[in-house]
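Please examine the sequence and the three-dimensional structure shown here.

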Amino acid sequence: MSRLLDLLYPPVCPGCGELPTGDGPLCERCRIGLEGLRSDGSFEELLRVRMPDFGLVVTPFEYAGPVRAMLLRVKHDGDRRAASCLAGELAQVLAESGVE
């Protein structure tokens, strides 16, 4: 049934609404944009200084471009594809941080 729905209503990129290219859910422009928004750790360090009681602070991306668009789609539209894409990225960053 899902394949039929995908033919009738092709899934769109959760970052911009265009048709995705390649195997993933994102179009090429948003995939490249996401890479450019990856956190360098400076924001986490700032938050640790301002809020020392927080044991762990992880921000995989800056809040801009396709990240902002996907978060707003999750918040306002309940977009599960956007949530799944962001959750996968967050899980990867958490795994790399050593959180168990």
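T59 is buried, because its relative accessible area is 15%; buried means under 20%, exposed over 50% and partly exposed in between, with a 1.4 Å probe and protein chains only. T59 lies in the loop between α3 (42–50) and α4 (65–77). Helices here are DSSP runs of H or I with at least four residues, strands are runs of E with at least two, and both are numbered from the N terminus. The side chain of T59 forms a polar contact of 2.8 Å with the side chain of E44. A polar contact is a pair of N or O atoms within 3.5 Å; within protein, one must be able to donate a hydrogen and the other to accept it, and residues adjacent in sequence count only if both atoms are side-chain atoms. Leaving aside residues up to four places away in sequence, T59 touches S39, F43, E44 and L47, where contact means heavy atoms within 4.5 Å.

This is a predicted model, in which local features need pLDDT of at least 70 and side-chain atom pairs count only at pLDDT 80 or more, whereas totals for chains, interfaces and linings use all residues. Residues are numbered from 1 along each chain as its sequence is written, and side-chain values use heavy atoms, with hydrogens and water left out.

V12 is found in the loop between α1 (2–8) and α2 (28–36), and its relative accessibility of 34% is why V12 counts as partly exposed. Not counting residues up to four places away in sequence, V12 touches G17, E18, P20, P25 and R81. L46 belongs to helix α3 and is likewise partly exposed, with a relative accessible area of 37%.

The C-alpha separations for two residue pairs are tabulated below.

| Residue pair | Apart in sequence | C-alpha to C-alpha |
|---|---|---|
| L46 and L26 | 20 residues | 30 Å |
| V12 and A64 | 52 residues | 19 Å |

Helix packing is considered next. The axes of α2 and α4 are 7 Å apart and pack at an angle of about 105 degrees. Axes are lines fitted to C-alpha atoms, for helices over the stretch in contact, and angles run from 0 to 180 degrees between N-to-C directions. α2 is therefore roughly perpendicular to α4; angles under 35 degrees count as roughly parallel, over 145 as roughly antiparallel, 65 to 115 as roughly perpendicular and the rest as oblique. C30, G33 and L34 of α2 make the contact with P66, V67 and M70 of α4. By class, this contact of α2 with α4 has five nonpolar, one polar and no charged residues. Ala, Val, Leu, Ile, Met, Phe, Trp, Tyr, Cys and Pro count as nonpolar, Asp, Glu, Lys and Arg as charged, and the others, Gly among them, as polar.

The axes of α4 and helix α5 (residues 80–97) come within 8 Å and cross at roughly 130 degrees, and α4 and α5 are therefore oblique to each other. In this pair, M70, L71, R73 and V74 of α4 meet A82, A83, C85 and L86 of α5. The contact of α4 with α5 comprises seven nonpolar, no polar and one charged residues.

As for the overall fold, the protein chain has five helices and zero strands. The C-alpha trace spans about 50 × 25 × 25 Å along its principal axes. Of the 100 residues of the protein chain, 22% count as buried.
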